[in-house]
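I open my notebook with the sequence and the model side by side. Here is what I looked up.

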Amino acid sequence: MRIVVALGGNALLERKDRPDAEVERRHIREAAAALAPLTVEHQLIVCHGNGPQVGLLAMESEADPSLRASYPLDALGAQTQGMIGYWLTQELRNAGVSHPVVAVITQTVVDEADPGFASPSKFIGPTYTREVAEDLADRHGWQVRADGPAWRRVVASPQPLGIIELDCIEQLLHIGAVVICGGGGGAPVTRDLSGQLRGIEAVVDKDYTSTRIALDVRADRLLLLTDVTAVMRDFGTPREHAIDRISTDELAELGLPAGSMGPKVAAGAWFTTATGHPSAIGALADAEAILAGTAGTTITGPKPPPTVPDNTPGVLAATAPPQPPVSKGATA
């Protein structure tokens, strides 16, 4: 099978961690060990998040007195693609992957009129107390929001419309390479009327970019791997429990927060609705079991409508299922 794996940035650098290179390198080594077995029988495309990493680079850039202006987020996103891509290619080879392993610096086309620019929602950088976060927001002109019990910076997160390097990715897949691409959602770019590309200040959600890539390369599975074991029903209540399997027409009832598990569920539903293939969400360490359906949360297509009993006139007794919770602007 052709599998797209989306690695959460928080799985590569956990919230409790210091953002040291050696800490991140250790997590990437663990990620490679979890993913390498999948390459024995399957073709693998790996996308990764960069929320903690791009936030750190942005802070360093804003604090650098030698700069007249901080580096834009699209350029910082490209930097994280190079750094994380380098570590992933190296550690996948060290983990025994025999196929060629190539990291592609990816540009993701977005629309300047995307509503995501008006309502920043993508968390980046470390966590703070509310007081510290609001002080930083005042000093740097940031927008901040609660992320669970802590506070973080939020930036614009437009929807991915296409991948500039798609033809390169497809050629690499043709020769059997493991491809690392779409890192951090890809560096966001727009086209002007003459077709010229330019970067734009944003961070695209890597789960949506992973779905865009999965659809474009005709993947058989989409695995969204993070630092949690499964999607939870009744999260944060005494009734909380893991969901092992759920259909796209049940997802809208979960009411997941937009900045947390919501994008992963919406991305999985988008892929499954568009292709009919399952998608799955779960912990990076459980990658093989998640693919097998024995761990994590598997998202399936809508349930078939109930049929009328044989002794009742008529045939089908249900209308079309509701649409999955795909965010506005995401297109298949």
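What share of the contacts with a separation of 6 or more joins residues 24 or more positions apart in the protein chain? I found 74%, with contact meaning heavy atoms within 4.5 Å.

I note that this is a predicted model, where local features need pLDDT of at least 70, side-chain atom pairs count only at pLDDT 80 or more, and totals for chains, interfaces and linings use all residues. Residues are numbered from 1 along each chain as its sequence is written, and side-chain values use heavy atoms, with hydrogens and water left out.

Next I checked burial. Of the 332 residues in the protein chain, 51% are buried (under 20% relative accessible area; exposed is over 50%, partly exposed in between; 1.4 Å probe, protein chains only).

I followed Cys181. Cys181 counts as buried because its relative accessibility is 1%. Its contacts beyond four places in sequence include Ile45, Cys47, Val104 and Ile213.

Last, I looked for disulfides (pairs of cysteine sulfur atoms within 2.5 Å). The count is zero. Cys181 is in none, and the nearest cysteine sulfur, that of Cys47, is 4.4 Å away. Cys168 is partly exposed, because its relative accessibility is 38%.
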